[in-house]
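Please open the structure in your viewer and keep the selection panel at hand.

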Amino acid sequence: MGSKALEKFLKENLDDLKSKGLYNEINVLQGANGPIIKIKGKDLINLSSNNYLGLASDERMKRASIEATEVYGVGAGAVRTINGTLEIHNELERKLAEFKHTEAAIAFQSGFNCNAGAIQAVMNKKDAILSDELNHASIIDGCRLSGAKVIRYNHNDMNDLREKAKAARESGLYNKLMVISDGVFSMDGDVVDLPGMVKVAEELDLITYIDDAHGSGVMGKGAGTVKHFGLSHKIDFQIGTLSKAIGVVGGYVAGSQDLIDWLKVRARPFLFSTSLTPSAAGACIEALRIMTESTELHDRLWDNGNYLKAGLKKLGFNIGKSETPITPCIIGDEKLTQEFSKRLIEEGVYAKSIVFPTVPLGTGRVRNMPTAAHTKEMLDNALAIYEKVGKELNVIK
Ligand SMILES: *Cc1c(COP(=O)(O)O)cnc(C)c1O
């Protein structure tokens, strides 16, 4: 018999969510997360993964993963600082630094762990962090863990950032100031105004921290948003994930040698959680090789993104202000958005609805993530289904 208090808490809260229709039922994929997925025996065009370049089930990646497993085994056996640093981890970090044009890089077990570890390694309760109001949940948690004062600024508004940073500086209350932002915002597909941010950072001596989870492999011919703007030498922390365009799992921080040396002795997930599996490290190295050898997958991703955007726009949908392949289809009303997504799935397109509180009230949307692995035929089929469902639900004429 478990605790009565817990039982009561769980029952009440689960019942509440279910009665409001807010309990998320998780769909299970019968096979790889490729451009076509199978759920409950049914094939669906997949517009919901972060597998931008289609690398998650690429044959070359599978081979690299198996080869690394043959040499190093399935587990690293310890945390990095005891004896869980295998040659393949160091090789991955060298390649990541090259890829990001920084002196050094450190690999973590996930992008989430990067933010949980890196922020609190340098910021503390005597400091303040200026954080974009739409930053990812892992950034919000990472800021909290640091104990620093968090000051939210309006989304991508560099004037608001300047005002708030200036007030923080002039208050005399804080030692260090940091500005943190996503590189690419995953809900709208818009991109941080990095030149504007760097200007403010230079005026007010802000530490700069860009989490480019959705930008790596996508922006800057693959090297990311910071490279896209040619500002690699101006950004202190470049965070990336190995789970989106790279197609595997893990995360990294790229920066100066001193920063990486410090994170290797202070970042808690690095010190207290077992390192990446050899298989993951090996596959990530192969992904970097594929991405630097040719921009073919990157180019196909953008081509497919532009094709889908043009098609949806022509049908009369509101696709927002995306500057990347991420393609929101803004429906508005929350219930209608959920119904829209449900009908798409019934007709053969897997695209999930995203509603309040993840996005502002009244801006419910179905978010589409085209990838390099989609064919034009798949996208045409998806557009035909969008047209059918859009007309049926009176979203388009
Ligand atoms: C997805 C994402 C993460 C988390 O990355 P994982 O590797 O999946 O843990 C962190 N930050 C941002 C901005 C993201 O979009």
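**Between the domains**

The second largest pocket lies between domain 1 (17-46 + 295-393) and domain 2 (59-293), because both give residues to its lining; the domain bounds come from an automatic or database domain assignment. This is a predicted model, in which local features need pLDDT of at least 70 and side-chain atom pairs count only at pLDDT 80 or more, while totals for chains, interfaces and linings use all residues. Residues are numbered from 1 along each chain as its sequence is written, and side-chain values use heavy atoms, with hydrogens and water left out.

A pocket is an open set of points on a 1 Å grid over the protein atoms alone, where a 1.4 Å probe fits and protein lies on both sides within 12 Å along at least five of seven lines; lining residues have an atom within 4 Å of a point. The second largest pocket holds about 410 Å³ of space, a volume being the space filled by probe spheres set on the points, which are joined across faces, edges and corners. Select L134, S186, M187, T358 and V359, the closest to its centre of the 21 residues that line this pocket. The lining of the second largest pocket divides into eight nonpolar, seven polar and six charged residues. Here Ala, Val, Leu, Ile, Met, Phe, Trp, Tyr, Cys and Pro count as nonpolar, Asp, Glu, Lys and Arg as charged, and the others, Gly among them, as polar.

**The largest pocket**

Next, select N24, Q338, S341, K352 and S353, which lie nearest the centre of the largest pocket among its 25 lining residues. The volume of this pocket is about 970 Å³. Which helix gives the most to the lining of the largest pocket? It is α13, with seven residues; helices (H or I, at least four residues) and strands (E, at least two) are DSSP runs, numbered from the N terminus.

**The ligand**

Now display the ligand and select G111, F112, D211, T241 and K244, which come nearest of the 14 residues around the ligand (a residue is near if one of its heavy atoms lies within 4 Å). Helix α4 (residues 111-122) supplies the largest share of this shell, three residues.

**Two backbone details**

Finally, select F356 and P357, which are joined by a cis peptide bond with omega of about 10°. P357 is found in the loop between β12 and β13 (364-368). Then select D205, a residue other than glycine whose phi is positive, near 50°. D205 is in the loop between α7 (194-204) and β7 (207-211).
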